[in-house]
Amino acid sequence: MAADTLPMKHRRSSFWRGCRSAFRAALAVVMGEECVVCGRPLVGAGVCGDCWLRLPYTRLQGAVGNEIERLFWAEPRVERVSAFLVYKPEYKIAALVHAFKYHGRRDLACLMGRAMTRDLKATDFFDGIDAILPVPLSDRRQRRRGYNQSEALAEGVAEVLSLPVISTAVKRVVDNPSQTSLDPTERTENVKNIFALADAAALENKRILIVDDVITVGATLLSLVRTLEGIRGLRIRILALCAAGTYRRGRVSEHDLGLPDLTAHYDPSAVRRYPAEERKTTPLL
Ligand SMILES: [Zn+2]
């Protein structure tokens with residue numbers, strides 16, 4: 001409908017709406033704030049309304065048996081796993097992750113921690129959780145970065161759930177090189193024994209939520225879970241902001257796990273041959 005055909009009341013309200021957004025945009029230019037995803041001027045900090053609507057959500061909603069959870073099926077203590085967003089380097093979401101990981105925007109990690117928690121709050125994913133454990137960063141990297149981004153995410157989660165954050169029970173004792181250029185098998189080797197238990201008693205008989213920023217093949221998280229192996233009565237749930245692997249609905253690909261995917265091989269002679277009559281009537285796709 002063209003603006004001049006709208007009733008007077010609607011024209012007036014859309015006029016004031018236009019004024020308000022122009023004022024907000026002007027204010028944002030003056031304050032120098034912009035959306036970290038699209039770069040448009042923004043009042044407040046972080047992500048604009050448009051980008052919130054367009055973020056690549058996994059829509060896993062903590063569903064039991066989802067494809068990220070399957071990465072941890074060999075670990076009986078891991079009860080549930082979920083991830084909030086899909087990460088690909090070419091997606092604009094990469095700008096947001098880079099901002100809190102490499103450019104000092106700790107506030108964005110807290111913001112995303114709150115957002116991913118509210119997304120799951122209506123489900124049973126957080127039922128019975130006693131405390132939150134961020135994936136530790138080595139002292140050296142934490143000094144260089146100024147903070148641990150997973151701990152900042154965990155603070156956002158803790159704020160919504162009103163739960164304590166335990167950040168001293170496990171230490172990262174090896175500052176392993178970046179995982180980004182490694183294949184899944186190399187990743188597993190790269191993170192072997194990188195964590196050490198500092199205070200097992202703090203985790204005994206608790207159900208904890210491990211919080212991480214990006215989960216790819218789960219190698220770092222599996223290494224952390226194995227470090228916690230001997231703790232009495234410990235149960236684990238895992239929530240990551242982003243899933244960066246190439247997961248397929250229902251099962252994880254061979255590429256994700258670095259394992260042979262036997263279901264990908266088949267014997268062509270075993271494929272059903274249609275009788276001549278049926279072939280004639282079966283439409284070609
Ligand atoms: Zn935006």
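Helices and strands are DSSP runs, numbered from the N terminus. In this predicted model, Arg59 lies in the loop between helix α2 (49-54) and strand β1. Its phi is near 60 degrees, a positive value in a residue other than glycine. Most residues other than glycine have a negative phi. Gln61 counts as partly exposed, with 14 C-beta neighbours inside 10 Å.

The largest nonpolar core holds 61 residues. Ala83, Ile210, Ala240, Leu241 and Cys242 touch the most other members. Elements that give two or more residues to this core include β1 (78-86), α4 (106-120), β5 (207-215) and β6 (235-243). The largest share, seven residues, comes from β6. Domain 1 (20-54) and domain 2 (56-253) both give residues to the core, so the core lies between them. Cys242 touches Ala83, Leu85, Val86, Tyr87, Val97, Asp213 and Val214, leaving aside residues up to four places away in sequence.

The average pLDDT is 80, and 73% of the residues score at least 70. Over residues 1-5, pLDDT stays under 50, and the model has two contacts beyond four places in sequence for this stretch. Over residues 249-285, pLDDT also stays under 50, with 29 such contacts. Where pLDDT is low, the predicted coordinates should not be read in detail.

Notes:
Residues are numbered from 1 along each chain as its sequence is written. This is a predicted model: local features need pLDDT of at least 70, side-chain atom pairs count only at pLDDT 80 or more; totals for chains, interfaces and linings use all residues. pLDDT is the predictor's confidence in each residue, from 0 to 100. Two residues are in contact if their C-beta atoms, placed from the backbone, lie within 7 Å. A nonpolar core is a set of buried Ala, Val, Leu, Ile, Met, Phe, Trp, Tyr and Cys residues joined through C-beta atoms within 7 Å. A residue is buried if 20 or more other C-beta atoms lie within 10 Å of its own, exposed if 12 or fewer, and partly exposed in between; C-beta atoms are placed from the backbone. Helices (H or I, at least four residues) and strands (E, at least two) are DSSP runs, numbered from the N terminus. Domain bounds come from an automatic or database domain assignment.
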